[in-house]
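Here's a quick briefing on how this fold is put together. Have a look at the model first, then read on.

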Amino acid sequence: MQPSRAAALERLAAFTPLMGRAYAEGRNFDPGPGKPAHVSALSPYIRHRLITEQEVVAAAIAAHGAEVAEKFIQEVFWRSYWKGWLAQRPAVWAEYRTRVAVGLQTPPEGYAAAIAGRTGIACFDAWVEELVETGYLHNHARMWFASIWIFTLHLPWVLGADFFLRHLLDGDAASNTLSWRWVAGLHTKGKHYVARAENIARHTGGRFAPHGVLNEKSVPLQEAEPPAPRPIPALPAPPRGPVVLLLHEDDLHAESLPLAGLEVRRVIGLSCPASRSPLGAAPRVQRFVAGALEDGLNRAAQHFGVPAERVALADLTDLLARDAVMMPEAPIGWVADALRPYRLCLLRRPWDEACWPLAGRGFFPFAQHIPRLCAVLI
């Protein structure tokens, strides 16, 4: 998988014909690595905004209509829902980070075997190998994996989420953390996801059939309730005049940023994928992020006709002493954590401005707004 906008657009064009009924009917089937599947594999590109949510949803609507492509469109909006939910409860991310750091100091029994793919559960061990070797897992396999990790292996969900985050090319603070919480029964109180042998056998075409191996009578985990949602802070108006534009690994499509009234004189870029975890990030992930950042900088340089270069976090203090530095807002996650000490001018995309405040409750109340959001944003 090439970390570039050109590769993203090529993949988008190839999958667009499948965004309608084919996706709705086939999205839960995982035929295995390298086999054709009715999933888009666009998530690493969307996650870094090498392509934007608007582009992907617009392609689905144009090709199939909103009704026929409803399932696919909802999956794109799930990512925005997760980001908005976490933006209203940043303490959930902070607590997760603390628990991972503590848990990795003395990992529980069974953890080393699980991340090495030596549990003896054939499907789980195969998914470990696939994740480590490719940086990807089918979404349904991610749910099965998380359920087995939590309810059959009885390992802490935060350490499973951390293992995913270190290896997934589309690793995202909100989607990853909150999906694991959902499987555990912590997102929708009392409702958890149970991996069942029959379901796995059916949706893997019989590749795996772990009958008698899984805990299929589990109960949801019990933890303290998350904090009540807080309003998402408004951002101050951007400065007028010349600015340095800072691109980061969460948003690499400078061409579509709402920069009216701003004069971009220079573009800089930074990434910190190793900050995903106390154990860093897999080499494959770090290479993908570095390539995506390079691609974003090259396109921005051409778009604005200005110099563009990569910088280190330590360079920001000197830069801020000389220039107004504007950047697209980083959602709650490790990038936002790293940049929080610096006095940067933030720019929130209209997509995020419209979606995030609607994510205070569950996804289905949020989903009622999707037709209106499409009408406004597409």
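The largest nonpolar core has 120 residues, and Phe-77, Trp-127, Phe-145 and Trp-149 make the most contacts inside it. A core here is a set of buried (under 20% relative accessible area, 1.4 Å probe, protein chains only) Ala, Val, Leu, Ile, Met, Phe, Trp, Tyr and Cys residues joined through side-chain atoms within 4.5 Å. This is a predicted model, with local features needing pLDDT of at least 70 and side-chain atom pairs pLDDT 80 or more, while totals for chains, interfaces and linings use all residues. Numbering starts from 1 along each chain as its sequence is written, and side-chain values use heavy atoms, leaving out hydrogens and water.

- Leaving aside residues up to four places away in sequence, Phe-77 touches Val-57, Trp-351, Cys-355, Phe-363, Phe-366, Ile-370, Leu-373 and Cys-374 (contact means heavy atoms within 4.5 Å).

**Sheet**
- Five strands form an open sheet in the order S3-S2-S1-S4-S5, with parallel pairing (strands pair if DSSP finds at least two bridges between them).
- Strand S3 (308–310) and strand S5 (345–347) are the edges, each pairing on one side only.
- S1 (residues 241–248) and S2 (residues 262–270) pair in the parallel sense over eight bridges, and Leu-245 stands opposite Val-267 in S2.

**Helix pair**
- Arg-5, Leu-9 and Leu-12 in H1 meet Glu-55, Val-56 and Ala-59 in H4.

Definitions and conventions. Helices (H or I, at least four residues) and strands (E, at least two) are DSSP runs, numbered from the N terminus. Buried means under 20% relative accessible area, exposed over 50%, partly exposed in between (1.4 Å probe, protein chains only).
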